[in-house]
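Colleague: I would like to learn how to read a model like this one. Please take me through it feature by feature.

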Amino acid sequence: MDESLLAKLIPLRERIDQIDAQILDLLNHRALTAQQVGDAKHAHHEHSPVLRPERESQVIRALQEKNSGPMPSGAISSIWTEIMSACRGLEQALVVSYLGPAGSFSEQAAFEHFGHSVSSLPCPSFDEVFRAVQSGSAQVGMVPVENSTEGAVNRTLDLLRESNVDIIGEHSILIRHCLMTRSGNMDGVTKVMAHPQALAQCQGWLNAHHPSIAREPVSSNAEAARLAAIDPTIAGIASDAAAQTWGLQVVSQGIQDDPHNRTRFLAIGQLKTLPSGRDKTSLILAVSNEAGAVYKMLAPFSTNGVSMTRFESRPARTGDWEYYFYVDVEGHQLDPSVKRALAELKAQCAFFKILGSYPCQ
Ligand SMILES: O=C(O)C(=O)C[C@]1(C(=O)O)C=C[C@@H](O)C=C1
């Protein structure tokens, strides 16, 4: 390195070393304090949950508001997610279930949301993710609920209705699909494998670039990568991380038809999240199949000044054109206006289920 540059860098790097030592001291101070919080919770009740999603959101939002830069707001969120993950890990190891294997987008969402100081439990299906949370073998799970190109993830919607887990958070990620093989080219490849949603999100690109190669759906993209790693006739569509995990070479990057392709994931668990100050409530409603019933069903939201942010229908499978409506509203179920609207809905709907109130991302 150039002598004059080095002369400038040496004192600056010494300063960085001093700052890092101070940060380390403060981090350990924070970790000890979090351990005391853990002890207090445990002393109060043996099963007091260590994870408090509303508190974690409040900590991050308060720091983002206080932040005067140049540290970017997104960096504040990812740094403190990891700090709180490590502190939480000292209180108790959090087991997170998600659709595996390693390298899946669900794993990425789980780590981004809960940080890396967790124990991961990759599962072979969404049903298993829910089952793990319900049985207690995982405290929390991460499941995709909607994609900006392909819409709702129907199995997740059905499992939310059938199981009794709560939604405790949401996390949306940009989905960048890559085509990958063992060799890094498509010589000898006879099949492209991926999760059906990923095949759908890349169909335009596949039609244009590999129209004659067969497409085969598998349980997850990371599973496609795992299969491609053992069979040179298979190309997988998955994330960059999956290519690294399974030792594959990327043939083409960013092959999704929509460059803004995003998937929203839900964090699920068996705990009630308290108001964080900026929350959402998700519920499922159904009314009898009569003219005007849906219109009437939604009236309690507007009369109580509650904003609806999502409305999705799912056939009730009665063969009678009846539907379950998945509704998201702004606010927490303990907020007075939301509480009033929910009480009115409960009184008038044929089916009513609160899936949870949780901090908005
Ligand atoms: O405040 C708490 O309840 C804590 O346990 C501390 C802490 C943190 O590190 O700030 C850790 C875990 C919880 O999910 C929330 C916050």
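Modeller: A residue is buried if 20 or more other C-beta atoms lie within 10 Å of its own, exposed if 12 or fewer, and partly exposed in between, with C-beta atoms placed from the backbone. Helices (H or I, at least four residues) and strands (E, at least two) are DSSP runs, numbered from the N terminus. This is a predicted model, in which local features need pLDDT of at least 70, side-chain atom pairs count only at pLDDT 80 or more, and totals for chains, interfaces and linings use all residues. Residues are numbered from 1 along each chain as its sequence is written.

Colleague: Is strand β1 enclosed or open, and how many of its residues are buried?

Modeller: In strand β1 (residues 95-99), 4 of the 5 residues are buried, so the rest of the structure largely encloses this strand. For the protein, 36% of the 361 residues count as buried.

Colleague: Which strands does β1 pair with?

Modeller: Two strands pair if DSSP finds at least two bridges between them. β1 runs parallel to strand β2 (residues 119-123), joined by 5 bridges; within this pair, Val96 is partnered with Ser120. A crossover is right-handed if, with the strands pointing away from the viewer, the path from the first strand over the helix to the second runs clockwise. Here the chain goes from β1 through helix α4 (residues 105-114) to β2, a right-handed β-α-β crossover. β1 also pairs with strand β3 (residues 140-147), in the parallel sense over 3 bridges, and there Ser97 has Gly141 as its bridge partner.

Colleague: Which residues have the most contacts inside the largest nonpolar core?

Modeller: In soluble globular proteins, nonpolar side chains tend to be buried together. A nonpolar core is a set of buried Ala, Val, Leu, Ile, Met, Phe, Trp, Tyr and Cys residues joined through C-beta atoms within 7 Å. The largest has 50 residues, and Val96, Val129, Val133, Val140, Met142, Val143 and Ile268 have the most contacts inside it. Domain 1 (49-173 + 261-274) and domain 3 (279-359) both contribute residues, so this core lies between them; the bounds come from an automatic or database domain assignment. Apart from this core lies another, of 25 residues, including Cys178 and Leu248.

Colleague: What does Val140 touch?

Modeller: Two residues are in contact if their C-beta atoms, placed from the backbone, lie within 7 Å. Leaving aside residues up to four places away in sequence, Val140 touches Leu51, Leu94, Val96, Phe114, Val133, Ile168, Ala267, Ile268 and Gly269.
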